[in-house]
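I opened this notebook to record a set of look-ups in one structure. The entries below are in the order in which I made them.

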Amino acid sequence: MADLNVPPRRPRDDRGWDGFQHPHPDGYRDNAMPYAGPAGPAGPAGPAGPAAPAAPAAGPQWVGPDGFAGGYPQPSGGYAPPPAPGLPNLDDDDEPRRGRRRALAVLGGAAVVAGGAALLSPQVRGLFSDDPVAGDATGTVVTDGTAARPSGQQPSTVRTYTEQNESYMGSRAGAALKRNAPSGGRVFASPAAAAAATQVTVKTVLAKDPIRHLASRTTFGPTPKVLADIKRLGIDDWLRQQLQPEKIAPTKAELKLAELPTLKLTPTQLRDQRDQLNERGAQPERETVDATIARQIWSDRQLFEVMVDFWNDFLHVAADFDGGEIYRNSFDQDVIRKHALGSYPEMLVAANKHPALLIYLNQTDSRKDAVNENLARENLELYSVGVDGGYTEKDVRQAAMLQTGRGVADGKYVFHADRHYLGKVKILGFSHANNSADPKVADKVIDQYITYIAMHASTARYVASSLATRFVSDTPPKSLVDRLAKAYTTNKGQIRPVLATLFSSSEFWASVGQKVRRPMEYLVATYRSLGVGPEASAGFDGDKRRTPFAQGLRQIQDKMRELGQYPMGKPTPDGYADVYVAWTSAGTMVDGWNEAGDLIAAYRKQFTYVRPEKLVAKPPATAGAYVDALALRLVHQKLSAKEKALVLGVAGVSAGTKVDATFNGAIAAVARTILASPQHHLR
């Protein structure tokens, strides 16, 4: 299992995060949770611990990332008692409301919690009257719930935590990888020119072949067809074609996605037809994942699918959340896929108006008299400037107040003007009076803020670093990150020019062997390498409820879940890590090898297979030559002499031994061993 697929513990983890995993029998609801909840129990203090505080009285308040709790977490552990007789509930609902981090502050006419002291906030008292009165959220009053999170301090400083990939690469293994990474480079007039002029100097077992390298990084695994297409078109024209996926014809497998009945249904239709879909065994959120897996394996729009996967980790919304059944596929189509090669600012604006993100991060719970900061925080920490991007806790709170009013009704985005905070805000240099009661104007102000942070210099660098990590190295050179950030800013967040700069940079072409496939990527590459087809094997019948293709995709998804990674799979909003040391697990590696063995044996009858003795069209007559030919077919290069000897040892033969097409009965074991080689694990 992926026993290391858990980021290192950091202070934010101690506060927890609960992306709701179907807590209700009815998953088809607009609001993930109600607006209320009693105070939680106090922490232990001695053998028995103190009694839980009494339920607070009703009234407006700030809802911190971990919702309502009975006390405030202290740096030394445990909880301090509430600073007032009781924090107020919004209404009389008995169900607890829990969110992401325990940090409470009472807002407006009640109180503002600051390091254990209750401070009146007259600037925003007007929020809770019948008449809309503009306040001022930019004042100097500290609005934090704990002394450990001062308003003016950057979160990364408080938590001693940097960005996720960097936190992994701070390990000893990460330091070793960094020593073998290219340190600098330059940009050329075109990708082909960069490939021709760049010398690969790093130590690697991979062939220093630019065509193989390009295919490995820009697809989910090279195939003979992909390599032939690059050779025929040339590097520049092939990339140009890949950057225009709308002009690439769908494959047979993509046409077969019509067999997944929920993909073309709107959120309203999914909600209205849920009983019929349940009877047919259709699960909309899982079919979205199934379709993504099919495209990764069989689509000819490979660079586009790689970018879809990239954004699914960067602007992450888990498939399995309370609401994912009806909204996740729409988010996939209308946000991620629509903008994957377009404008990131437009993608982020669209995401912030999509029910999936609004429900996933509890924005539907946030209103002027109960401000929930989940989405506001992740917009800064994960989706734009990054945790080291310069924002403070005060910025988070002002952003959360600005974003109030956004919600979901009847399956669609709505703006509730009566829930929106009116008053001046200033966030990372963005300032606005925010004093209009006109819902269109107020909603537009939020869009302006989202666009502002999407175009922030820190966002440019964060996106650049993430792309360089995906395509180049776990420790990308600063020279490349700087260049990509400049391209992002110059082109106003358009992604195609950034990718063009990346592929025209010598750092990309010098990074052969510097990326290791994550479990999902290994599995998809294995399907592609073995030429598995989307049609069912002869004689396969199935269960009559779903087609063989649909059944097979679900089995692949289940296997990926066992491996610890599948599309849109991470429950928390930070997405999967994209560095090798996050996935170093012997159990996961062996499980992947076993799956390769099952595919060689044509175990999943929902698909068709190339028989292992047919993988090489004209098998050589000697074992050594046959291993060379089979390695060229499966991993697109010959193995080293040492690796070749190990493969021959598995079959119990020498290089000169005469063999038939079945490798004297050992072809399956030989093919599986080649797919366990470093050449197949690296990309």
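**Entry 1: basis.** I worked with a predicted model, in which local features need pLDDT of at least 70, side-chain atom pairs count only at pLDDT 80 or more, and totals for chains, interfaces and linings use all residues. I numbered residues from 1 along each chain as its sequence is written, and side-chain values use heavy atoms, with hydrogens and water left out.

**Entry 2: the whole chain.** I found 30 helices and eleven strands in the chain; helices (H or I, at least four residues) and strands (E, at least two) are DSSP runs, numbered from the N terminus. Of the 683 residues, 58% count as buried; buried means under 20% relative accessible area, exposed over 50%, and partly exposed in between, with a 1.4 Å probe and protein chains only. I then took contacts (heavy atoms within 4.5 Å). Among those between residues at least 6 apart in sequence, 77% join residues at least 24 apart.

**Entry 3: a sheet.** I looked up an open sheet of three strands with the order β6-β10-β11 and mixed pairing; two strands pair if DSSP finds at least two bridges between them. The edge strands, each pairing on one side only, are β6 (135-136) and β11 (430-432). β6 and β10 (residues 423-427) run parallel and are joined by two bridges, and D136 has K424 of β10 as its bridge partner. β10 and β11 run antiparallel, with three bridges between them; here K426 is partnered by S431 of β11. These two strands form a hairpin with two residues between them, and L428 in the turn has a positive phi of about 50 degrees.

**Entry 4: helices on the sheet.** I noted that helix α18 (residues 393-402) lies across β10 and β11 and runs at about 135 degrees to β10. Axes are lines fitted to C-alpha atoms, for helices over the stretch in contact, and angles run from 0 to 180 degrees between N-to-C directions. Helix α19 (residues 439-454) packs on the sheet as well, touching β10 and β11, and its direction makes about 170 degrees with that of β11.

**Entry 5: a helix pair.** How are α7 and α8 packed? Helix α7 (residues 224-233) and helix α8 (residues 235-242) pack at an angle of about 120 degrees, with their axes 6 Å apart. V226, D229, I230 and L233 of α7 make the contact with I235, D237, W238 and Q241 of α8.

**Entry 6: a bent helix.** Helix α14 (residues 324-339) bends by about 35 degrees at F331, where the bend is the angle between axes fitted to the seven residues ending at a residue and the seven starting there. I found α14 mostly covered, with 13 of its 16 residues buried.

Entry 7: R286 is in helix α12 (residues 284-298) and counts as buried because its relative accessibility is 14%. Leaving aside neighbours within four places in sequence, I found R286 in contact with R554, Q557, D558 and R561. Y566 sits in the loop between α25 (548-563) and α26 (586-600). Y566 also counts as buried, because its relative accessibility is 9%. Not counting residues up to four places away in sequence, Y566 touches V289, D320, M520, M560, R561 and Y576. Y566 and Y576 are ten residues apart in sequence, and their C-alpha atoms are 9.4 Å apart.
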